[in-house]
Amino acid sequence: MTLTVLLVTFAVLLLIGMPISFCLALSSLAAIFFLDLSPLVVLQRIFAGVNVFALIAIPFFIYSGEIMLHGGASERMVRFARALVGHWRGGLGQVNVLTSLLFGGISGSAIAGVSAVGGVLIPKMKEQGYDADYAVNVTVSASTLGLMIPPSHNMIIYAIAAGGGVSVGTLFLGGILPGFVTAALLMVAAYAVARKRGYATTAFEGWAMIGDSLLAATPGLLMILIIVGGIRLGIFTPTEASAIAVVYGLAIGFWVYRELGIKSFWKITSNATRTVASVLFLIAAASAFGWVLAVSDAPAAVAEFMSSVTDNKIVALLMINAALLILGAVMDMAPLIIIATPIFLPIAQHFGMDPHQFGVMLIMNLGVGLITPPVGTALFVGCAVGETKMEAIMRTIWPFYLAHLGAILLVTFVPGFTLWIPEMLS
Amino acid sequence: VPATEARTFRSADIHPTDYPTVEAVRYMSDRLEALSGGEFDIRVYYGRQLGEERDTVEQTVFGAIDINRINIPVLNNVVTETNVLSLPFIFRSVEHRDKVLRGPIGREILDAMAPYGLVGLAFYDSGVRSFYTPDTAIRTPEDMTGLRIRVQNSDVAVAMVEDLGGNATPMEFGQVYEALRNGTIDGAENNWPSYSSTRHFEVARVYSLTQHSMVPEALVMSKLTWDKLTPEQQGWVRQAAEESIDEMRRLWDLRVADARERIIAAGNTIVDDIDKTPFIEAVQPVYEKHASDPVLADLVRRIQETPDD
Amino acid sequence: MTSTRPPLSRPSSRCTRSTLPTRCSPTLCAASRRPPMTDVPNDPTEPRPLDRAPGPVGRLLNGAAAVTQFFCTALMVVMTVIISWQIFGRFILNNTPKWSEQLAGVLMVYLTLLGGAIAVKEGRHIALTYFRDRFPVKLREAAWVVCHLLVLGFGLIMLVYGAKMAQLVQAWTIPTLGVSTSVNYWPFPVSGALIVAFSAQALVRAWRNTP
Ligand code: NA
Ligand code: NA
């Protein structure tokens, strides 16, 4: 009954256009009133949901991504990617995917990825005769690579939601291969569409250009090494690594690329806090929602339902994927990680799935949610940057969805994709 | 007071479902159901479902959680009297601790929680804590010089490690395994079962039995819930809680034996030839700093005067 | 090497304007030209300008938002310094600061709640307006008003119960910081008051039919 109050209130509020964080907070409040408890509980959960030291990595990784974006690192990555794959069929589309992959190494936000990569490449693609829908499709679907390639603050949220036994270092390493596999499949999709539409190819710029642009991009690309290596070698914890990323980003922005000044520094910081506050506010509200879900025994109910439907591992895992894709369509990523993890992780573990593998699978599914309406933040930003209608995007994005689904299935059913790199390096 | 209607109490625990404290509260639930003729029972939300301990303490005070199994260090900043239980080497032996906690002093500390919105029901055993490190044996305080030791986020724990010459590093529990493996920290401290269940023994292979702390855990009820019960109903809750203590102890001892066997089988080094005297001398400043309050000093004196048997 | 730099702020969301048309009603039309809080799918990387021609109350609220935003930005810098100091302390001084984690965790709560209030003013909390945009005009207006009233109500709860909570834990202390636990809950009443003010402002504007 409490569960009904919670979910119905949430659905009604969502339907009338209430911001999602307030949908979560207000529906929790309604359920708390129904249970005859004090509203203090909701505030306590909002507080406790963000007063988690490990979560500090989130502001810092968002902040460092913003610094890299405006400090000169991302455009040099575009240049390098262009030299490397610009001459392939669908040239700038391939550049786009590769840049997103590289940008993923300095940022964990798909939205920042769309603005950073799309901001530079979408206008350029349109200028060179690519259709706007193609440019936006490639950009938004590749933007989610940043969720898989470390650093990924969403993986940190998952590690916290999963409780003990999940290592952020292992998750970070586990996301690398799935990120590359997804990128490869997206490149195939970009190639296929480009071939069908007959986009022209451009000339190879030469090895010297590759060398030069790589050299220019190296300081930015080194960040991934510092973060993953630093955590792995025990120089710092994941949280500390995120602060190092900020300091490192500032250092190269000020002294290597020399594109930052005090004024732009303050503006970048201010921008970053706005993103940080809305993300953390959602996490906080989701924590209240999760508390009510737990008290009303929702995880047990879902588990019971699933075991009553099937005891087949393949069917169960496909059902979890489907549920995550549907939930991802209507909700934002961070609160969903907090809410979905305690419900689905035990079921996946029951079927012998490693929690790190599950984490990567979860992130990939919810990443697709970011480019799926009705709540597709990365998609919205991509449409805005590309000045296109969402209907036009939705008509032609399906080859890229297929690429994502293929990668998700590989990660779901082949543990090695996630676990091989961490095991090799341990 | 009008009698509370039949209901299921919500109980919180951070430990997993098969942990002795969780099982003990389920045992308490069975006893309570029997004593109350089916009026009351308890549903345990295990494994942090309702939040971390410092959060569930607040929720218990607000009445959102009825029963809570809490680590004493979490209560230290709420109920002053509980600080004596966290003091290093305050108990000479397990027998001494049991004698104190099941006697009038234990009752006094449980009763001291009432002004803060909590009704102390019972103390549960939480074993004996010792230091573990990747490769340093700790036989004297000098062996700890400069070691980065993870401690619980508690002022007493920090002060103890610092006085022993270590570099106290408060860190969230979930980060400790990686930090030990990576060398971000040089050691941590816990009891046998936790050393085993957290898998810390895989990355910290030397367990030095300093036995510096025997801090128990407390089982409490929300005062808001308590005050809604009739004296008879309160009596049932108390009795069921007290009956669960022995059940908890039985499960706990099994667990300790199990963990010890597992860790020794894993080939870890167990350092047990330790003279505690220099350790006890080194931590005296902790007593001066954290037990100088007359109420606490008096409790310390009476605990020390309590005989072992 | 030259290339086009991505601008600091993005062009506003043309995507929504065209796909989710803003069918204005007479009473809310002016208000929705400055998009009401949930009508824009949010690019959180994009700061929204404060109101251009505010009255005295508007100026006061703009001032409050600007001060709060300045405070949040400063918090971010301070948090960076604290964690960097923690690493420095452990490696160079071999003395890990005991308070750093705890303090950074509390500051993050401040950042979240105060920044969350500003996001109410700037309309940057992510919402799903797909369905509302398809409601008939009257219903759309009603939904918009209900949303703002409920957000205002939640702000009130944060204000009243946040203060109550701070008072309840007044005697407790935060370990390693040695200050009262009520420090944890101070940002609730402050953020609640700001949310009440900002949603009330939006409602009054819609009522008066002014941007
Ligand atoms: Na990333
Ligand atoms: Na979505």
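This is a predicted model: local features need pLDDT of at least 70, side-chain atom pairs count only at pLDDT 80 or more; totals for chains, interfaces and linings use all residues.
Close-up 1. Although A:Asp297 is not a glycine, its phi is positive, at about 60°.

**Close-up 2. Arg258 of chain A, an exposed residue with a positive phi.** A:Arg258 is located in the loop between α13 (238-256) and α14 (262-295) of chain A, and its phi is about 55° although it is not a glycine. Its relative accessibility is 67%, so A:Arg258 counts as exposed.

**Close-up 3. The cis peptide bond from Pro150 to Pro151 of chain A.** The bond that joins A:Pro150 to A:Pro151 is cis, and its omega is near 0°. A:Pro151 belongs to the loop between α9 (145-148) and α10 (153-162) of chain A.

**Close-up 4. The packing of helices α16 and α21 of chain A.** Two packed helices are described by the angle between their axes together with the distance between those axes. For α16 (residues 313-330) and α21 (residues 398-413) of chain A, the angle is about 140° and the axes are 11 Å apart, and α16(A) and α21(A) are therefore oblique to each other. The crossing of α16(A) past α21(A) is right-handed. On the side of α16(A), A:Ile314, A:Leu317, A:Leu318, A:Asn321 and A:Leu325 meet A:Leu405, A:Ile408, A:Leu409, A:Thr412 and A:Phe413 of α21(A). Of the residues in this contact, eight are nonpolar, two are polar and none is charged.

Methods: Residues are numbered from 1 along each chain as its sequence is written. Chains are lettered from A and ligands numbered from 1 in the order in which they are written. Side-chain values use heavy atoms; hydrogens and water are left out. Axes are lines fitted to C-alpha atoms, for helices over the stretch in contact, and angles run from 0 to 180 degrees between N-to-C directions. Helices (H or I, at least four residues) and strands (E, at least two) are DSSP runs, numbered from the N terminus. Angles under 35 degrees count as roughly parallel, over 145 as roughly antiparallel, 65 to 115 as roughly perpendicular and the rest as oblique. A crossing is left-handed if the near helix is turned anticlockwise from the far one by less than a right angle, and right-handed if clockwise. Contact means heavy atoms within 4.5 Å. Ala, Val, Leu, Ile, Met, Phe, Trp, Tyr, Cys and Pro count as nonpolar, Asp, Glu, Lys and Arg as charged, and the others, Gly among them, as polar. Buried means under 20% relative accessible area, exposed over 50%, partly exposed in between (1.4 Å probe, protein chains only).
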